[in-house]
Amino acid sequence: MSRILPESLDFDGPFPRQSRRLRLGVIGGGRISVTQATAARLTDRWEVVAGALSSDPIKARQRSEEWFIQPDRSYASFNEMASVEAGRPDGVDAVMITTPNHVHFDAAKAFLDQGIDVLCDKPLTNDPGEADQLVAIARETGLVFAVGYTMSCFPMIRQAREIVKQGGIGRINQIHVEFMQDWMTPETVAEADHVKWRLDPAKSGRTSCTGDIGTHAAHLASFVSGLEMTHLRAEMHVCGAPKPLEDTVFMFTRFENDVPGTLMATRLAPGNRGGLRLRVFGSEGGLEWDLEKSEQLKFNRFGEPDRIISRGHGHGVSAKTERFVRAARGFPEGIIEAWANLYTEFAMAVAARRDGVTPPEGWLDYPTVAQGAKGVHFVEASANSAETESSWQKI
């Protein structure tokens, strides 16, 4: 098999061209799968060639036609797809898993067992033991396993991470993050098909809002700060119409070095659509980022004028961040491009593994299965805290 990547990899330069597009399979045919497939195609590094887009054979066939997937590569079972694709000379190089939470473990394990790399939506699983098992399998096999913490793939988040690593804000002393949405405000929203499973404990697990968007906030806080969240105390609430799982969560958090913080997430904040906001403060300065203004990063050095770094080439953007820039400054990019950044790094990791190449340390920062498992333990600790009068819980 010919190489996919060139012999040498430039640490700070653009990601290299591949000798061929990688072959991607899709598990789950809902709205998020369409978003991810669009992003994967945007990179020009992937082509979608196979799918298990529904457990109903008729729906699976219909959706495969819509996706231009050939009939012999349309499956109604991810187990069948894993087995058949692993045996094809032109089988998938990797799969993306975009099903409801309760399917993640079985689907991911089916492909890992066949030696196929995986990108799985978050939360990784509903069960910490299953999440740890996936980490162990990926470690033992050396397979690439990425997790869909897409918010960490915005260029200005990568820039913020670099500033922290370089000591730009000094010693971190507090971290605050929130994710405010409003789509669950109508009292009839729970009747929608794409919402029902998110409120079903059998599919969504012990939490809804916490596992769906709270975990994004938690991951982002650790990703930028470089500090693991170690403890939390949580209050969970149903602020709108009655539901079996929470629609709102408030937390006090602790990170490594005993750094304090807060985390809030809700789906009942009218006027907030993508209200993910991160603030990291240190002994010498601070960083602030807002998803709804994702092109900009506020960077302050205490006693100096505030700086606004904007996505684009140059003007304070590092070379490592520029590799994620597609359009010139002033021409906005958004969530599709962030997903594309994740699929670009995933492609580099998959290609490197298939070429037998060990990427330079720090060359790729895609969210890993270990970070996904950390998110599952975060959700578990949150539920344990909320069920024990908001007691402090170790993650």
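Me: Through how many residues does the hairpin join S10 to S11?
Reply: This is a predicted model, in which local features need pLDDT of at least 70 and side-chain atom pairs count only at pLDDT 80 or more, while totals for chains, interfaces and linings use all residues. Residues are numbered from 1 along each chain as its sequence is written, and side-chain values use heavy atoms, with hydrogens and water left out. Strands (E, at least two residues) and helices (H or I, at least four) are DSSP runs numbered from the N terminus, and two strands pair if DSSP finds at least two bridges between them. S10 and S11 (residues 285–290) pair in the antiparallel sense over five bridges, and the hairpin that joins S10 to S11 runs through two residues.

Me: Which residue in S10 is the bridge partner of Glu178?
Reply: Strand S6 (residues 172–180) pairs with strand S10 (residues 275–282) over eight bridges in the antiparallel sense. Within S10, the partner of Glu178 is Arg277.

Me: And which residue in S11 is the bridge partner of Arg279?
Reply: The pairing of S10 with S11 is antiparallel. Within S11, the partner of Arg279 is Glu288.

Me: How many salt bridges does the count come to?
Reply: A salt bridge here is a side-chain nitrogen of Lys or Arg within 4 Å of a carboxyl oxygen of Asp or Glu. By this rule the count comes to 32.

Me: How far apart in sequence are the parts that Asp212 and Lys122 tie together?
Reply: Asp212 forms a salt bridge with Lys122, and their closest N and O atoms are 3.0 Å apart. Because Asp212 lies in helix H9 (residues 209–225) and Lys122 in the loop between strand S4 (117–120) and helix H5 (128–141), the pair ties together parts whose separation in sequence is 90 residues.

Me: Is Asp212 buried or exposed, and what is its relative accessible area?
Reply: Buried means under 20% relative accessible area, exposed over 50%, and partly exposed in between, with a 1.4 Å probe and protein chains only. Lys122 counts as buried at 8% relative accessibility. Asp212 is buried too, with a relative accessible area of 17%.

Me: Which residue meets Asp365 in a salt bridge?
Reply: Asp365 lies in the loop between helix H11 (335–355) and helix H12 (369–386), and its partner lies in helix H10 (residues 319–322), so the pair ties together parts that are 45 residues apart in sequence. Both residues of the pair are buried. The salt bridge, at 3.3 Å from N to O, joins Asp365 to Lys320.
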